[in-house]
Amino acid sequence: MPRSSDRSDPEPARERPLSAVEQFGAAMRRRRRLQKPKMTLRALGQLVNYSYSVLSRMELGQLPPTIEAAKAIDEVLGARGALVTLAEFARSEPYAGLPPKPPQFVGREQALQTLTSTLIDEAYPDRSTVAFVFGPPGVGKTALARWWANSHQDDFNHVLYADLRGFDRRQPAEAPETLERLLRGLGVHDDRIPAHPDMQLALLRGQLEHRANVDHRVLIVLDNARDSRQVAEVLPGSRGTSVLVTSRVRLSGLVINSGAEAIALQAMSKNDAASLIRNFVGDQRAEAEPQAVARLASLCAFLPLALTIAAERIAGNDTLTIGQHTEMLAHRALELQVDDDETIGVRAAYSYSYDQLSPTQAQVFRMCGLHPGVQFSAESVAALAGIATDDAFRVLDQLAQLSLLQALPARQFRLHDLLRDYAAEEAGRPEWNEERAGAIHRVVHWYLHAVNHAAWAITPERPEHHIRLDPPPDGVVPPTFRDFEAAYAWSLRELPTITGVAELAREHGMLFAAWRIPVECFDFYIHHRPVAVWIQSFEVAVDAAEKSGESLRIAQAAEELAEGYLRRGNPEDLDRAHALTSRAIEVCRGTLTRFVAFAYIEQGNIEFKRGNYERSAQLCEQALHVAQAVAARVGETLARTHLGSAYRELGRLELAIQHGLAAFEILRAQDDYHGMGVAAVPLARTYRTAGDLDAALRFCDEAVTAFRRREDFQGHAEALAERALVLAELEQYENARATFDDAIDRLSQIDRRVAEFYEADWARITAQAGQ
């Protein structure tokens, strides 16, 4: 593989548009070459106090520049702020697809050749192929996959990437999350993505099959799989699709069921390890101390991750020889020595680099090991470390340039799983007990106040759902949100972290926060319907509430978890939901609260789903009395909405319209758009059943508008489906058919059971009309 050196200025030819990171690198290279005489990277490094390897990666578009580095380079090269502007774009540029090539890569020729022959079958281009790379942690599986995928992008029309997080501290990615990411990568909008993983996988296969029909080849990279099952749940097996998987374990199930090619990856050879070190420190230093280079490779157990970290540190400090650096690393390795510990070289390299960090850098690094998210923002790390956000971002960028963190788009970062373990170990040392306790307290409260602010912005028209928290602790500056859209976007981004934060709070005895953080997310869940996270986070909330012994906490968490089970809707979920609502009613012991009203509504909904309409009406009447007694507006409107549906099925249409209309008018008076949509669809159905088609069409239009304003894609599709049925009743068949096909296309992808309900109605109406 090519190596960087002062004797070459690689500038690879590119046909695709340059990313913002690559534009910065190209501009930096041009400015450097315009200097008289032409300035080398090493000379520039001495002037700006950055290592040659870091500057080289910036020029190649492999490393986003920090603003701090851009300012220094801009000043030395006389760019008059142009490089700073490009750096700002590079730091904010989103990137949802394949991550770039690793900054340095050598060797692995046999593995690369096997990947090429397996995944690019010229004889059978539309064949489905699968290969997986497996080996111990730190051996370079991800680097190999990224290098090969980036090198062969031109052989595919589309490249998709998903991190399965098989060995992260947080739970592995579940199928819905991975399939959503792949579908979005193919350009499928959120309103077309189903909720159920089986339907998501079917949609992915359909999308890939459509592309295969026009000779469109797709590569899917699934990084860091835990086992064969995790991969099988998202594996499309479609024509013209190649899948590259990495894992720590041999995925025998993929070999058996998918004919996958297995590629075992071991530690690097001595020569390749020496070449990797040379890429960082430069030819001159490496050639001057070949024995020190060989010893360094041996101390790092020839593992690329350890070699990269150690070599990066040495490249950044040429006041010591490689031998002196290596001697210091050797002492650290002896201190860490454990019999039969295959990661000794990795841990030694971590320890060596960690010990040379500044106090602030070291603190931020170990604090990152405590973060409950798979990836994290500079703002949340600032809360962990108790420092300003700008300072946190600057230090995180520095750690990324030292290869101790990975920089992600939108000012996000993440740790390699081994580095996370090491950082957590360091943070767990006795001397950091006070620091650790303070950090956990701050980050939990940062999230608690953040989700509280988001909840107020998402449903400001429902003040009874929200509370005003006491001011956050010192050093905690949670985000605020100007409107629904900003709060909704933040909630989407932080969704994978919510359960982990609640678990962290519960683990450290912060029971109020462990309960309240999921509770604050409830209205967001109602809009977005992320059922898996809904259930996971509220299971923590219920447990924390039970541990607290607070009856109202138990009641609220139990009935809101019940609603999550109702949304999933499996037969066993209805039983779980009934048990939870019974628990909510029981702990209140006759005390009238809005949570009891909601519990009765959910029980009424359970009976409705089971076809017991009389019992459903009785329970909703009971809910209505409780809601009115405690002035619970949302509870009253939901009770009336469900009561209207039950009375419709019982043929009591006048009562059904009365309750449905009352619910809608209460919600309209409060500008509760999402509530208006929820009330309008069943009310339109009731008017259609009663034969008042003009009123039915009017409420369908109200629902379509309301759900669109609040980004509830399933609700929007249901409103369109109901509108199509009304149009068919009005004998506007052409318009009805177009609307119905659009709605069912969406609903079939989101919830097949709901789609079948509307299809049955459509078949009945069109059959009666002879259409």
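S242 counts as buried because its relative accessibility is 4%, where buried means under 20% relative accessible area with a 1.4 Å probe and protein chains only. The model is predicted: local features need pLDDT of at least 70, side-chain atom pairs count only at pLDDT 80 or more, and totals for chains, interfaces and linings use all residues. Residues are numbered from 1 along each chain as its sequence is written, and side-chain values use heavy atoms, with hydrogens and water left out.

S242 belongs to strand β4 (residues 241-247), strands being DSSP runs of E with at least two residues and helices runs of H or I with at least four, numbered from the N terminus. Its side chain forms a polar contact with that of T129 at 2.9 Å; such a contact is a pair of N or O atoms within 3.5 Å, one able to donate a hydrogen and the other to accept it. Leaving aside residues up to four places away in sequence, S242 touches L119, T129, F156, V218, L219 and I220, contact meaning heavy atoms within 4.5 Å.

The axes of helices α35 and α37 come within 10 Å and cross at roughly 5°. The two helices are therefore roughly parallel to each other, a label for angles under 35 degrees. Their contacting residues are listed below.

| Helix | Residues in contact |
|---|---|
| α35 | Q714, E718, A721, E722, A724, L725, A728, E729 |
| α37 | V754, Y758, D761, W762, I765 |

In helix α22 (residues 433-458), 37 Å separate the first C-alpha from the last. Of its 26 residues, 20 are buried.

Notes. Axes fitted to C-alpha atoms, helices over the stretch in contact; angles between N-to-C directions. Parallel < 35°, antiparallel > 145°, perpendicular 65-115°, else oblique. Expected span 1.5 Å × (residues − 1). Buried < 20%, exposed > 50% of the residue type's maximum accessible area, 1.4 Å probe, protein only.
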